[in-house]
Amino acid sequence: MHILFWILFIGFCIQAGSLVISFLVSEFVNPDAAQNLYMGMNLAALKKYSEAHYISIVSFYVYFVAVKACMAYLVIQIFRKIDMEAPFSAEVAVLITKISHLALGAGVVGLLATRYSKWLMKSDAVETLTWPGGEFLLLAGIIFIIAQVFQRGTDIQAENDLTV
């Protein structure tokens, strides 16, 4: 799993970098590059409609990939800090809580991005865009519950360590 999350982390970093580079190319070098921004993503109509909206939508895409990369990195940190002899530790509980906070923030941003995209679709500036708001909120809830259980396990483990 440790190697898998390193691969995911590197992949998400590459994806975020590719998005940023292709966006910069579409902005400063070749405006027609918005037709094939990244992996077939066509935002040329949105770019013609409004430069500010184009920048906003691309920023949302970069944000979500960056959040996935951060979450993968935090999981890597969990693997580095966890001790299988005594798995419950305050450091690991904090990392799990950070992952749930990241997912919650991404869920809220996803819901805002969905509303924003629906508003843009009314003006025929973009086609259907889907954002992972609900998925991130579900993930945040599940990970938050795991973080609470892990925190309780940390408390019980610390209590047992004090018992002679």
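**Figure 1. Helix 1 against helix 3.** Helix 1 and helix 3 pack with their axes 9 Å apart, at an angle of about 160°. Axes here are lines fitted to C-alpha atoms, for helices over the stretch in contact, and angles run from 0 to 180 degrees between N-to-C directions. The two helices are therefore roughly antiparallel to each other (under 35 degrees counts as roughly parallel, over 145 as roughly antiparallel, 65 to 115 as roughly perpendicular, and the rest as oblique). Helix 1 and helix 3 make a left-handed crossing, the near helix being turned anticlockwise from the far one by less than a right angle (clockwise would be right-handed). Sort the residues of this contact and you get 21 nonpolar, three polar and four charged. For that sorting, Ala, Val, Leu, Ile, Met, Phe, Trp, Tyr, Cys and Pro go down as nonpolar, Asp, Glu, Lys and Arg as charged, and the others, Gly among them, as polar.

A word on what you're looking at: this is a predicted model, where local features need pLDDT of at least 70 and side-chain atom pairs count only at pLDDT 80 or more, while totals for chains, interfaces and linings use all residues. Residues are numbered from 1 along each chain as its sequence is written, and side-chain values use heavy atoms, with hydrogens and water left out.

Figure 2. Along the principal axes, the C-alpha atoms fill a box of roughly 70 × 30 × 20 Å.

**Figure 3. Helix 3 against helix 4.** Helix 3 (residues 51-81) and helix 4 have axes 10 Å apart and pack at an angle of about 165°, which makes helix 3 roughly antiparallel to helix 4. The residues of their contact split into 22 nonpolar, six polar and three charged. Histidine 53 sits in helix 3 and is buried, with a relative accessible area of 16%. Buried means under 20% relative accessible area, exposed over 50%, and partly exposed in between (1.4 Å probe, protein chains only). Leaving aside neighbours within four places in sequence, histidine 53 is in contact (heavy atoms within 4.5 Å) with Leu46, Tyr116, Trp119 and Leu120.

**Figure 4. Serine 100 in helix 4.** Helix 4 spans residues 90-122 and holds serine 100, which counts as buried at 2% relative accessibility. Beyond its neighbours within four places in sequence, serine 100 contacts Ala140, Ile143 and Phe144.

**Figure 5. Phenylalanine 150 in helix 5.** Phenylalanine 150 belongs to helix 5 (residues 133-162) and is buried, with a relative accessible area of 11%. Not counting residues up to four places away in sequence, phenylalanine 150 touches Pro87, Phe88, Ser89, Val92, Ala93 and Ile96.

**Figure 6. Asparagine 36 in a loop.** The loop between helix 1 (2-29) and helix 2 (44-49) is where you'll find asparagine 36. At 53% relative accessibility, asparagine 36 counts as exposed.

Notes: Helices (H or I, at least four residues) and strands (E, at least two) are DSSP runs, numbered from the N terminus.
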